[in-house]
Amino acid sequence: MKKISINNIIKFRLKSDKSQKGFLNTISKEVELKSEGGGNYWVRSLSAMNNAIRLNSTEPIKDKITEILGLFSPSLTNQTRDMYQRNLNILYNYEDFDFSIWLPENYQIISKTNKKSIIYIETIPVQITPSQIYSFEKEGKQYVGAIWFVAKLEGYNVSELGMFSEALFIYLSNNFDQNFSIFPQNCLVVDVLGKQEISYQNLIDDKVPAILTSTLKLIKNIK
């Protein structure tokens, strides 16, 4: 197995005991073309969300709404029309959103270039792809935080979003622990379709179960 995404780890949990091994064999032979955010299907809305965080502004959201509306034409297939509309629905959710509530004061965006996106957890190579990473200072101490926008047509439940949050914390720990402390409340996963938010602090406080590691142990024993 070259890598496994959080999305495929979630799919694995939904399989029956009998079909879990077959699922692992299948994904180990495939090149996963879609990112955790849903790949090209959600790229229009998620890219605008990323830019909104980078700029702490709703302007990228409004600009993308205008751009997508301009793409509608009578010649579109129903599938493409549905895709555009679902991306629009996400953007409408955040058209007038105050992005500062997700961010600390005076944050600085950190480049993801040259950071490890595949991290071995329980000997399993897990692909972790946050949307934006940033640094900030609090009470004289340097912290790192991140936000990860995810979307799925069927939606994610709280436990599944917790898996993203747990993975995000591990990503930050592996890439930034030498120069920064990690602020659990600023280790945030947002389901942009369901408008749900889970931070790693929710796992620390036992409000959301931490099931990523236990699931990876099961995968390790099966594969």
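**View 1. Surroundings of helix H8 in the predicted model.** The buried residues of H8 are in contact (heavy atoms within 4.5 Å) with strand E1 (4-5), helix H1 (6-14), helix H2 (17-29), strand E3 (118-121), strand E4 (124-127) and helix H6 (158-176). Helices (H or I, at least four residues) and strands (E, at least two) are DSSP runs, numbered from the N terminus. In this predicted model, local features need pLDDT of at least 70 and side-chain atom pairs count only at pLDDT 80 or more, whereas totals for chains, interfaces and linings use all residues. Residues are numbered from 1 along each chain as its sequence is written, and side-chain values use heavy atoms, leaving out hydrogens and water.

**View 2. The buried face of H8.** Leu-212, Thr-215, Leu-216 and Ile-219 are the buried residues of helix H8 (residues 212-222); buried means under 20% relative accessible area (1.4 Å probe, protein chains only). Seen down the axis of H8, these residues fall within an arc of 100 degrees, so they line one face of the helix. The arc is that of the directions from the helix axis to the C-beta atoms.

**View 3. The open sheet.** Five strands, in the order E2-E5-E6-E7-E8, form an open sheet with mixed pairing; two strands pair if DSSP finds at least two bridges between them. Strand E2 (108-110) and strand E8 (196-199) stand at the edges with a single partner strand each, so one side of each is left without a neighbour in the sheet.

**View 4. Pairing of E6 and E7.** Strand E6 (residues 141-150) and strand E7 (residues 181-191) run parallel and are joined by seven bridges. Val-189 in E7 is the bridge partner of Trp-148.

Conventions: Buried means under 20% relative accessible area, exposed over 50%, partly exposed in between (1.4 Å probe, protein chains only).
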